[in-house]
Amino acid sequence: MKRKYKWLIGCLVFIAILLLSAGMYFFHVAEVRDVAADKPDKLRAKTNSLYHYEHDFLSREKQTWTQKTSDNLKLIAWYVPAEKKTGKTAILAHGWHNNKTTMAIYGELFHELGYNVLIPDNRAHGDSQGEMIGYGWLDRRDYIGWLNQILENNGQKSDIVMYGMSMGAATVLSTSGENDLPNQVKAIIADSSYTSVIEEIKHEAGDMYGLPWFPLVNVVSGISKVRAGYSYEEASPLRQVEKNTRPTFFIQGGADTFVPTKMVYTLYNASRGPKQLWITKGSKHVQSFHDYPIAYRSKIKAFLEKYDK
């Protein structure tokens, strides 16, 4: 009988060690800084539909803005003033393992629409400090800091638009539900956000690795709570959007399998303010601008003309 108990305890210990080891591995893959994210993106060829957006923006003279976070990280951002002096500023949030160069195409789009443009490197990305990726949850407080810096530098009469893609979309949506979101934020545009980190990681466990999500994702979430200060359950753009009253434009690729298209409907339905939804036929993850460059610009322009007059 004692031998049976010892065997059972041994099995449980082995499973626990296996789960913890697997959890640490996947936590590192998902949440620890990747040096590849520190390097500029490979630039587009001249034949690419978005070449001129990228080329023109990267050629522009940029100011460097900095921010010190509450946990003592130095964050870096590019700032490009509009051609004509204006109080309108767009702040742009990049995706997972990207950096501010990724956002050059969107920076030029907003620049052409007459906006000042601020593009931060999120914590643990690009030129910003940090080892733990925030998945938009830690970053939401950093973006409150950037918003306040816009007001300090450009004045209290500023009009601000927040734009994000993928994890950046989750970042701006998470920021939208903060109690101290400045009144000067007039509109939000979110391209391809997940509903919550837990739902996205559960999806990726099956889609990318062919693994059942339970209990491994819960283990990784627990590790995140200890190492990064947040669990995947609490990192929820959806719960933040439920508190949002600002006009919000949701964009999602109709063939997105990385962040499943169905997630955008849940987010759209939860938002309490004026809202619009555009599903781009056949587009994969964050490819809507590439696939429909004229329509993308036109729809964003029309949305801003309506809500950021």
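This is a predicted model: local features need pLDDT of at least 70, side-chain atom pairs count only at pLDDT 80 or more; totals for chains, interfaces and linings use all residues.

Trainee: What makes α3 oblique to α11?

Mentor: The axes of α3 (residues 104-112) and α11 (residues 293-307) come within 11 Å and cross at roughly 50°. Angles under 35 degrees would be roughly parallel and 65 to 115 roughly perpendicular, so this pair counts as oblique. The crossing is also right-handed.

Trainee: Which residues make the contact of α3 and α11?

Mentor: From α3 come Tyr106, Leu109, Phe110 and Glu112, and from α11 come Tyr296, Arg297, Ile300 and Leu304. They divide into 6 nonpolar and 2 charged residues, with no polar ones.

Trainee: How do you know that the span of α4 agrees with its number of residues?

Mentor: Helix α4 (residues 139-154) has 16 residues, and at 1.5 Å a residue they should span 22 Å. The end C-alpha atoms of α4 are 22 Å apart, so the two values agree. Buried residues in α4 include Tyr143, Trp146, Leu147 and Ile150. After α4 comes Gly155, with a positive phi near 105°.

Trainee: Why is Tyr135 called buried?

Mentor: Its relative accessible area is 8%, and buried means under 20%, so Tyr135 qualifies. Tyr135 lies in the loop between β4 (116-120) and α4.

Trainee: What makes the phi of Tyr135 worth a look?

Mentor: Most residues other than glycine have a negative phi. Tyr135 has a positive one, near 50°. His97, in the loop between β3 (88-93) and α3, also has a positive phi, near 60°.

Terms used. Residues are numbered from 1 along each chain as its sequence is written. Side-chain values use heavy atoms; hydrogens and water are left out. Axes are lines fitted to C-alpha atoms, for helices over the stretch in contact, and angles run from 0 to 180 degrees between N-to-C directions. Helices (H or I, at least four residues) and strands (E, at least two) are DSSP runs, numbered from the N terminus. Angles under 35 degrees count as roughly parallel, over 145 as roughly antiparallel, 65 to 115 as roughly perpendicular and the rest as oblique. A crossing is left-handed if the near helix is turned anticlockwise from the far one by less than a right angle, and right-handed if clockwise. Contact means heavy atoms within 4.5 Å. Ala, Val, Leu, Ile, Met, Phe, Trp, Tyr, Cys and Pro count as nonpolar, Asp, Glu, Lys and Arg as charged, and the others, Gly among them, as polar. The expected span of a helix is 1.5 Å times one less than its number of residues. Buried means under 20% relative accessible area, exposed over 50%, partly exposed in between (1.4 Å probe, protein chains only).
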